[in-house]
Amino acid sequence: NAVGVKFINTREGAYPYVSAQAFRYWLRRTLEAGPWGWRAAPVYREEKVAYTDANPILWWDDDLFGYMRAPSKKASAVAAREADASRAGETPTTDTVTRVSPFRVSTLVAIAPVSLTTDFGVMARQEGDPVPHEHQFYRTTLQGLWSLDLHAAGTFTYVRRTGYLNLDAERLAQARQAGLEHLEAEKAYRLPLEQRLARVTALLEGLAHLEGGAKQALHYTDVSPDLVIAAVTRGGNHAFGHVVGPDELRRPKVKVDALREALAVYEKEILSSVYVGWVRGYLDEQRQLFEAALEDDAGLRPWKARIVLGHPRQALLGLAEELRRHPEWLA
């Protein structure tokens, strides 16, 4: 009776990881439980298939996390759906609808290989022989990338192509009835700016308050980010993907030279301030070196006024606030 962790086996050793699906699940649950008015889509089950309501006009997670819905047309499946009282408010679906997720996240992988520890335990609260079990755990820093397509958020296309047929005939009728803006050249409908901003800023605030993780009863762990670097940019390439890496002792290191290069290369594409959220108590010596570099490094000094350093929650909330001041970035 054993539980193992997920890891990537390489010549250097084992790199534990958290899947993107797990991370997105944590974020969904955090958003649903938070005070941001998040509207989560209902999930419907059909034999071996499950899907959401797939209506981004109504549901915020269908909008930002994407969906795929292709209900079975078998007579038995249709009859089962019609007999299910819990589906009374379901959006009728006349065609297969899919949506590429505007929110994207990579696998979160350990920054360096580690030695996995196997822990043995027992269930011994009952009479008789104890029931043994074992599981693995580890200590590391996980690193990953995420991005959010601001243009796609709140914008729903009806292009007949996989990933872009967001709206079928029923959803198109709802978009017109709700008075959504019609972007004829893109074959899309768009929510009002205020609604789009509400969804995007809620997602950022949810990231700042992230909760979740397995086996918290035994390994209580804060999974909210200890270090985050974020900005609004033109294009989808991640500007800061190589700023953090392992040092010669396999400890996390913030590479000032990599940040300097990224800021120089992406200077014309970075629209917002660069928000660096850094928890005090995590890599404090490196934080001191980073703060000194902002004062003394010739490549970083011009960016000093645009690099906002604080707690990760403050950083992500600051980015959300700057988005509210610059709605043109969602155009």
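Arg 250 counts as partly exposed, at 46% relative accessibility (buried is under 20% relative accessible area, exposed over 50%, partly exposed in between, with a 1.4 Å probe and protein chains only). The model is predicted: local features need pLDDT of at least 70, side-chain atom pairs count only at pLDDT 80 or more, and totals for chains, interfaces and linings use all residues. Residues are numbered from 1 along each chain as its sequence is written, and side-chain values use heavy atoms, with hydrogens and water left out.

Arg 250 is not a glycine, yet its phi is positive, at about 70 degrees. The residue sits in the loop between β18 (244–246) and β19 (252–254). Helices (H or I, at least four residues) and strands (E, at least two) are DSSP runs, numbered from the N terminus. Leu 283 also has a positive phi, of about 55 degrees, without being a glycine. Its loop joins β20 (274–278) and α7 (284–296). Leu 283 is partly exposed, with a relative accessible area of 22%.

Helix α4 spans residues 169–177. Its buried residues are Arg 171, Leu 172, Gln 174 and Ala 175. Seen down the helix axis, they fall within an arc of 160 degrees, so they line one face of α4. The arc is that of the directions from the helix axis to the C-beta atoms. An α-helix has 3.6 residues a turn, so residues three or four places apart point the same way. The face turned away from the buried side of α4 carries the exposed residues Ala 169, Arg 176 and Gln 177. The buried residues of α4 pack against three strands, β6 (67–69), β7 (97–99) and β16 (188–190), where contact means heavy atoms within 4.5 Å. Gly 179 follows α4 and has a positive phi, near 75 degrees.

The second largest pocket has a volume of about 260 Å³. A pocket is an open set of points on a 1 Å grid over the protein atoms alone, where a 1.4 Å probe fits, with protein on both sides within 12 Å along at least five of seven lines. Grid points are joined across faces, edges and corners, and the volume is the space filled by probe spheres set on the points. The lining comprises 13 residues, each with an atom within 4 Å of a point. Ala 50, Tyr 51, Thr 52, Tyr 67 and Met 68 lie nearest the pocket centre. Two or more lining residues come from each of α1 (20–33), β5 (49–52) and β6. β5 gives the most, with four residues. The lining divides into eight nonpolar, two polar and three charged residues (Ala, Val, Leu, Ile, Met, Phe, Trp, Tyr, Cys and Pro count as nonpolar, Asp, Glu, Lys and Arg as charged, and the others, Gly among them, as polar).
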